There are 2 protein chains.
Amino acid sequence: MAPTPTAAPRINAPRINRGRLWDTLMQAARFGGTADGGVNRVALSAEDGACRDQFRAWCESAGLALRVDPIGNIFARRPGTDPARHPVLMGSHLDSQPTGGKFDGALGVIAGLEVMRCLAENNIAAAAPIELVNWTDEEGCRFGGALIGSASWAGSLGLEAALALTDRAGISVGAALDAIFYRGTATDGARPDAYFELHIEQGPILEQAGSRIGVVTGAQAQIWFDVVAHGRAAHAGTTPPSARHDALVGAARIVDLVDRMMRARGEDGRGTVGQLDVHPNSRNTVPDTVRFSVEFRHPSDAEIERLGVQFPREAGFIARDADIKLEMRELLRIAAQPFDPACIALVREAAARNNLASRDIISGAGHDAIPVARSGIPTAMIFTPCRDGISHHPSESITPEEAAEGTQVLLEAVLARAS
Amino acid sequence: MAPTPTAAPRINAPRINRGRLWDTLMQAARFGGTADGGVNRVALSAEDGACRDQFRAWCESAGLALRVDPIGNIFARRPGTDPARHPVLMGSHLDSQPTGGKFDGALGVIAGLEVMRCLAENNIAAAAPIELVNWTDEEGCRFGGALIGSASWAGSLGLEAALALTDRAGISVGAALDAIFYRGTATDGARPDAYFELHIEQGPILEQAGSRIGVVTGAQAQIWFDVVAHGRAAHAGTTPPSARHDALVGAARIVDLVDRMMRARGEDGRGTVGQLDVHPNSRNTVPDTVRFSVEFRHPSDAEIERLGVQFPREAGFIARDADIKLEMRELLRIAAQPFDPACIALVREAAARNNLASRDIISGAGHDAIPVARSGIPTAMIFTPCRDGISHHPSESITPEEAAEGTQVLLEAVLARAS
């Protein structure tokens with residue numbers, strides 16, 4: 001899938017400092033670091049605030065000009081030589097899941113910092129300004145909405161609505177920003193010319209394929225449902241088969257249906273029931289109510305359209321056969337988001353130039369790059385493998401080589417775009 | 001299924017007082033009565049204590065001699081005319097589920113009281129003594145073990161072990177008995193000649209068949225399992241079908257298997273997954289662990305033996321196909337308990353004598369009659385229909401006619417045995 005190295009254009013790119021990169025990643029992981037090697041740095045927590053302060057200090061030491069926007073996104077700028085050029089933006093997020101790892105998000109931010117340090121120490125001045133961003137609250141595990149900073153910045157989420165979101169303690173995003181002094185005022189950034197984001201894959205595909213770099217060509221389309229199966233509670237010992245309306249039997253067959261519909265679409269298909277709650281959940285009672293989530297993802301909008309028709313129909317047949325009633329709500333439908341061919345090519349070429357086995361990959365997870373791309377800014381992402389595909393877990397792991405390779409590709413793609 | 005009325009032996013039986021029976025049932029339902037028409041009278045609670053006090057007062061007014069045994073079972077005795085005869089025992093339980101109804105248990109006790117009142121006011125002296133019992137804690141929803149009073153009395157549960165069982169607050173059965181003054185000392189009861197228990201069916205069979213009386217021929221055999229499906233947590237968006245080890249997909253197919261194995265055994269089969277818990281139970285994560293209960297019931301011990309072999313084997317095949325691991329523990333295996341043919345015949349004859357459509361039925365639920373029968377005492381049960389087969393719910397309901405018919409059959413069966 002990777003072009004041969006000789007096909008890659010030559011570029012005068014410096015080498016990033018692998019040891020410095022890794023040390024900085026490990027230093028960042030101390031903010032909210034947990035005893036099991038994980039990170040608990042939920043968005044706008046005290047730990048997130050302290051990590052942001054450290055990040056800002058590092059940026060200042062690298063000679064970057066800082067600004068913070070009203071939703072707390074931090075931008076760090078290295079000027080270009082051509083005043084007419086719009087900046088090339090790179091970045092990711094420093095917030096983590098409560099039981100997160102060291103690399104989800106932090107890799108893309110700290111890699112961007114290493115790119116900046118490397119450009120500074122090599123006195124490389126690109127034509128376009130280069131900017132690094134730390135987006136606010138990518139994970140969405142505190143205020144209920146994910147990608148708050150990037151979506152608000154990109155215009156798909158209103159700023160007032162974003163600031164008004166509250167956590168379980170009733171604290172709003174606005175109040176949480178104030179508490180850590182990250183409600184900024186900067187609204188003066190020029191629209192970026194392009195956006196690049198390095199991220200761990202959070203899946204097993206690159207590792208299994210032996211690829212070092214994932215050239216992310218876009219994000220999947222998605223459709224989410226909330227389903228409630230209504231049966232009738234009954235005594236497990238006294239109720240004969242013919243008198244049963246077992247909500248769990250119906251729901252279980254729908255779980256199997258979701259899996260079959262996924263597999264019918266091959267390796268590009270995703271279909272998951274992640275959440276399922278049984279009522280009354282008592283050993284000797286036939287369940288009367290089962291609530292569960294259903295989600296499908298696929299690179300093709302047309303396939304998601306088909307699933308949006310097929311799934312409710314087939315689930316309805318199952319419910320009829322199981323003598324139960326279904327209540328189904330389509331929660332969300334997201335179109336596929338292709339990334340920009342020119343930006344994708346820069347990533348692919350940088351991997352080839354470094355003799356790194358690469359393959360095209362679709363992003364299965366949500367990322368800040370998606371609202372950015374949806375707003376029309378040419379975007380690409382770079383994935384590095386992560387061990388066993390594990391993320392959102394303290395055992396999330398990448399090697400120093402993987403971090404360095406991804407960062408080198410980021411540097412070269414950004415520099416090529418900025419030249 | 002019922003013999004023709006002319007086949008039933010003649011008996012000089014008085015008629016029970018339907019209005020008094022119903023009034024007394026409604027009075028008993030006030031103890032722990034809830035606003036929705038249900039009853040919350042958990043074993044050895046203050047409500048249970050107050051209901052017991054009222055029951056004792058009613059028994060004393062009916063001229064019965066009371067004794068309380070060390071596990072709190074209350075016996076009320078009407079003497080017989082033949083000193084050599086052992087007593088004929090009848091009864092049930094006054095404790096309820098926390099969200100119970102007015103009739104589960106209480107019907108059998110209050111019907112026994114009505115039998116006693118009826119015998120007293122008609123000056124009927126049987127050859128054998130007749131005793132009425134209120135068993136302690138049939139429901140098992142407070143101290144973890146069901147049928148505590150009857151099983152302890154019948155010898156299948158040690159008295160010390162029974163008294164030492166504790167509730168979630170750490171209160172033991174012994175302490176709870178002391179708190180309501182029902183830890184008795186009576187150990188002087190003669191072994192009963194027979195035991196009869198009237199109970200609501202707690203299932204839909206009689207109602208659907210148009211039967212007024214269920215002639216209970218025995219209790220089902222049972223086998224219970226605890227099952228844990230172990231898969232691997234993974235990101236729902238990034239993990240392709242080939243890399244999934246979805247514990248819920250495997251568990252769902254086993255839920256379907258339990259249902260199919262039940263239906264393969266016709267209307268006598270019971271197979272239920274009542275409890276199922278998903279971990280981490282997050283919409284975007286492939287579940288790594290699913291814990292669930294499995295139980296099968298059938299009138300035939302041989303069928304339960306077969307299920308005990310077949311189910312783990314078939315579930316194992318499903319787990320292998322789903323790329324997950326199963327952990328399975330057989331929790332409980334209970335042999336079928338046939339009731340006594342002579343006692344059963346007395347119930348059948350009493351129904352026929354009263355022109356009540358009856359049918360033989362197997363008890364699907366647990367009842368105090370089962371440990372009593374298992375201890376070798378000739379036993380039978382009488383079921384009355386209950387509306388829509390519902391029990392353990394405030395809407396549990398029977399009609400005054402159904403209560404009266406069951407009580408008349410109880411009186412005649414007991415009197416025939418005692419004569």
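A word on the ground rules. This is a predicted model, in which local features need pLDDT of at least 70, side-chain atom pairs count only at pLDDT 80 or more, and totals for chains, interfaces and linings use all residues. Residues are numbered from 1 along each chain as its sequence is written, while chains are lettered from A and ligands numbered from 1 in the order in which they are written.

Now, chain A as a whole. Chain A holds 12 helices and 16 strands; helices here are DSSP runs of H or I with at least four residues, strands are runs of E with at least two, and both are numbered from the N terminus. Its radius of gyration is 23 Å, close to the 22 Å that the globule rule gives for 419 residues, so chain A is as compact as a globular protein of that length. That radius is taken over C-alpha atoms, and the rule is 2.2 Å times the number of residues to the power 0.38. Along the principal axes, the C-alpha atoms of chain A fill a box of roughly 80 × 50 × 40 Å. Of the 419 residues in chain A, 57% are buried. By buried I mean that 20 or more other C-beta atoms lie within 10 Å of the residue's own; 12 or fewer is exposed, in between is partly exposed, and the C-beta atoms are placed from the backbone. Among contacts in chain A between residues at least 6 apart in sequence, 78% join residues at least 24 apart; a contact needs C-beta atoms, placed from the backbone, within 7 Å.

Next, how do the two chains sit together? A rotation of 180° with 0.0 Å of shift along its axis superposes chain A on chain B, with an RMSD of 0.1 Å. Within chain A, A:A252 has the C-alpha nearest the axis, 2.2 Å from it. Both copies use the same surface, since 100% of the contact residues of chain A recur in chain B.

That contact takes 49 residues from chain A and 49 residues from chain B. On the chain A side, the elements giving two or more residues include α8 (247-263), β10 (276-279) and β12 (289-298). The largest share, 9 residues, comes from α8(A). By type, the chain A side divides into 18 nonpolar, 20 polar and 11 charged residues. Here Ala, Val, Leu, Ile, Met, Phe, Trp, Tyr, Cys and Pro count as nonpolar, Asp, Glu, Lys and Arg as charged, and the others, Gly among them, as polar.

Let's stay with β12(A) for a moment. In β12(A), 9 of the 10 residues are buried, so this strand is largely enclosed by the rest of the structure. It runs antiparallel to β7(A), joined by 10 bridges, and pairing here asks for at least two DSSP bridges between the strands. In that pairing A:A229 has A:V290 as its bridge partner. β10(A) also pairs with β12(A) in the antiparallel sense, over 4 bridges, and A:V278 stands opposite A:V290. With β9(A) there are 3 antiparallel bridges, and A:R270 stands opposite A:R297.

The peptide bond from A:H279 to A:P280 is cis, with omega near 0°, and A:P280 sits in the loop between β10 and β11 of chain A. The bond from B:H279 to B:P280 is cis too.

Then comes helix α9(A), residues 301-321, reaching 31 Å from first C-alpha to last, close to the 30 Å expected at 1.5 Å a residue; that expectation is 1.5 Å times one less than the number of residues. Its buried residues are A:I304, A:L307, A:F311, A:A315 and A:A319. They pack against β7 (221-230), α8, β12 and β13 (325-334) of chain A.

B:D323 is found in the loop between α9 (301-321) and β13 (325-334) of chain B. Its phi is near 60°, a positive value in a residue other than glycine. With 15 C-beta neighbours inside 10 Å, B:D323 counts as partly exposed. Compare B:L44, another non-glycine with a positive phi, about 65°: with 27 such neighbours, B:L44 counts as buried.

Notes
Contact = placed C-beta atoms within 7 Å. Least-squares fit on C-alpha atoms with pLDDT ≥ 70 in both.
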